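Hi there,

Here is the structure I promised to pass along. My notes on its salt bridges follow below.

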Amino acid sequence: MLQTLLQNETLIRLTAFFGVLAVVAMAEIILPRRRLTASKLRRWASNFGIVFLNSALVRLLLPATAAGFAVFAAQRGWGVFNVLDAPAWVGIIASVVFLDFAIYLQHVMFHAVPALWRLHRMHHADLDFDVTTGARFHPIEILLSMLIKFAVIAVIGAPATAVIIFEVLLNATSMFNHGNFRLPTGLDRVLRLFVVTPDMHRVHHSVEDHETNSNFGFNLPLWDRLLGTYKAQPDAGHEAMTIGIRDYREPKLVSDLPGMLILPFLGRITGYAINRRNWSGKP
Ligand SMILES: [Zn+2]
Ligand SMILES: [Zn+2]
């Protein structure tokens, strides 16, 4: 089973990526949530460009995929589940949940540490919020989060099956919860008990600091609710809220690939977090 999964990993990931992309893109046309403010063609070309670049870089620079690394860790007996004699399904479920918690913590850290925020703000600088935003991350952020994932896998001894399930799931839910489509209010309310919905994650893409600093989860909404970072709706409402970040709004910088790549390196180094407004209580 694991062998088949590993041999077909690329195929599984590509099928899930294009499958979810097609369904969400269709939903965005049929049931749009917000009117787009920037050129869709321009944004999509750049957002797909960065996905392509990231995939190439990860293949080129890292010696193994995360699942490959999990096999390597298992062979050496690294991590909790490679030491414990737990049933396979327990190891798989617990690892998927723990990896999701680690990604939540990593996301909070990328907002809190100024140098990391510079990388992560490229994701937030998108002037609109749609399915392609969910795949748009700076290459250095992607490489760093892969290394963090390797470390987490080594510590918990995550089975390779869990890693593949988690990565496919994260990719799919990220595209789903960045979708610019409208879910019926009742369905959203029930769904967001179990999974992060587009209305929940859109709050995180607001220009308002107290909204950006909420809803960090990607898969399970549990972590935000448990750790006090949950915000149900944006103050201005989903249609009227402003998406993006306040300081960088020129399309050349935030909608074109070269601008997006240099975005982390712009601006003065202040030595304290861009989110300071949230902590001092003053603008
Ligand atoms: Zn964020
Ligand atoms: Zn996002």
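Let me start with Arg42, which is partly exposed because its relative accessibility is 34% (buried means under 20% relative accessible area, exposed over 50%, and partly exposed in between, using a 1.4 Å probe and protein chains only). This is a predicted model, in which local features need pLDDT of at least 70 and side-chain atom pairs count only at pLDDT 80 or more, while totals for chains, interfaces and linings use all residues. Residues are numbered from 1 along each chain as its sequence is written, and side-chain values use heavy atoms, with hydrogens and water left out.

Arg42 pairs with Asp256 in a salt bridge, 2.7 Å from N to O (that is, a side-chain nitrogen of Lys or Arg within 4 Å of a carboxyl oxygen of Asp or Glu). Arg42 sits in helix α3 (residues 40-61) and Asp256 in the loop between α14 (251-254) and α15 (257-262), so the bridge ties together parts 214 residues apart in sequence. Helices here are DSSP runs (H or I, at least four residues), numbered from the N terminus. Asp256 counts as buried, at 18% relative accessibility.

The whole structure has 14 salt bridges. Another one of them joins Arg13 and Glu167, with the closest N and O atoms 2.7 Å apart. Arg13 is partly exposed at 34% relative accessibility, whereas Glu167 is buried at 8%.

Happy browsing!

How values were computed:
Chains lettered and ligands numbered in written order. Helix = DSSP H or I, 4+ residues; strand = E, 2+ residues; numbered from the N terminus.
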